[in-house]
Amino acid sequence: MKKITISVPSSVANVSCGFDVLGFCLDKPCDEMTVEIKKTKGLEIKIINEKSITTDPKNNVCGPVAFAMIKKLNLNHGFHITIIKKIKPGSGIGSSAASAAGMAFAINYLTGNTFSKLELVKFAMLGEEIASGAKHADNLSPVIFGGFTLVRSLNPLNIISLPTIEELYVIITHPLIELKTKDSRQIINKQISLEKAIQQWGNLGGFVASLYTKDYELLSKSIDDVIIEPQRLKLIPNFKEIVDAASKYSLGSGISGAGPSIFSICKGEKNAELAMDTIRKITDKKKLEYNLILSGVNKDGIKIIN
Ligand code: HSE
């Protein structure tokens, strides 16, 4: 096998209650990534339809992932990488994570599938780190494992696959502005009160329990962030109006990853369609352009196309 083409999905990290640890994979949008063995050493990166991303292997998220795998596998060749970018950079739905995870998955496949999913997340984290300036695997894990995941520990890396409720659908309300994860992380105060921490781990535990028990009321109550979202709200245009509009049909909404997108989780596709219509009535009135996406939860993660 010399070449592989994969579909690499977007993802929602944090899900309000689990900053840096909770995430789930979306059915769409997905990047298309083709990776081919190159006879000579080094990487050649091409990005179709997105000019803002660097193709310099040292600075592109694919670079550190590929170089670490090449070193570990002792390869004497490199790779051509072509990405058709459909996940907008800086949108809050895991654009950099998709490229880093796709890179790890593709190299593993082309070199005989010697690494476990956990090891692929470890390699992919090297790319995610240059994009966001910090180690986190909450977007990478659902892309590589599929469904909902919990990063219980980073060191040593421990990822738990959580159950996925079939009936959950998501609206992504994406204002067409770019918000860099680095910038969105920089404004966060690293000191938190014990009182807020107690509320927050209560919510995270509640959310995880709701996935096992399919308790929609508990799931809805648990989508609440008393620590990070209040600090980031100023970066998210029209947050309250959009969340209020969605609330009639959704179980809960919050900032998707580092923003600026907002996620709204709904029970059933019909409710998701109604939530999307209601959100559109708000966004249509704004000067800012919005892209609205309705997606299911993707249980499988990365798919091989060719
Ligand atoms: N947990 C991360 C954050 C996700 O909120 O900064 C962004 O990639």
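In the predicted model, the protein chain is divided into domain 1, which covers residues 3-162, and domain 2, which covers residues 168-296. Taken over C-alpha atoms, the centres of domain 1 and domain 2 are separated by 24 Å. Contact between the two parts involves 34 residues of domain 1 and 40 residues of domain 2.

The size of an interface is often given as the accessible area lost when the parts come together. For domain 1 and domain 2 this buried area is about 2500 Å², and carbon and sulfur atoms give 65% of it. On the side of domain 1, Ser16, Cys17 and Phe19 supply 24% of the area that this domain buries against domain 2, which is more than any other three residues supply.

Polar interactions across the interface were also examined. Between domain 1 and domain 2 the count is 1 salt bridge, whereas 14 residue pairs are found in polar contact across the interface when both residues have pLDDT 80 or more. A salt bridge is formed by aspartate 20 with arginine 185, and the closest N and O atoms of this pair are 2.7 Å apart.

Rolling a probe the size of a water molecule over the atoms shows where empty space is left. The search gives a count of 1 cavity of 30 Å³ or more, and the largest cavity holds about 50 Å³ of space. Its lining is made up of Asn14, Ser16, Phe19, Asp225, Ile228, Glu229, Arg232, Ile255 and Gly257, and these lining residues divide into 3 nonpolar, 3 polar and 3 charged. Because both domain 1 (3-162) and domain 2 (168-296) give residues to this lining, the largest cavity lies between the two domains. Ser16 and Phe19, which are among the residues lining the largest cavity, also belong to the three residues that supply 24% of the area buried by domain 1 against domain 2.

Key. Residues are numbered from 1 along each chain as its sequence is written. This is a predicted model: local features need pLDDT of at least 70, side-chain atom pairs count only at pLDDT 80 or more; totals for chains, interfaces and linings use all residues. Side-chain values use heavy atoms; hydrogens and water are left out. On a 1 Å grid over the protein atoms alone, a cavity is a set of points where a 1.4 Å probe fits but cannot get out, and a pocket is an open set with protein on both sides within 12 Å along at least five of seven lines; lining residues have an atom within 4 Å of a point. Grid points are joined across faces, edges and corners, and a volume is the space filled by probe spheres set on the points. Ala, Val, Leu, Ile, Met, Phe, Trp, Tyr, Cys and Pro count as nonpolar, Asp, Glu, Lys and Arg as charged, and the others, Gly among them, as polar. Domain bounds come from an automatic or database domain assignment. Contact means heavy atoms within 4.5 Å. Buried area is the accessible area (1.4 Å probe) that two parts lose on being put together, summed over both. A salt bridge is a side-chain nitrogen of Lys or Arg within 4 Å of a carboxyl oxygen of Asp or Glu. A polar contact is a pair of N or O atoms within 3.5 Å; within protein, one must be able to donate a hydrogen and the other to accept it, and residues adjacent in sequence count only if both atoms are side-chain atoms.
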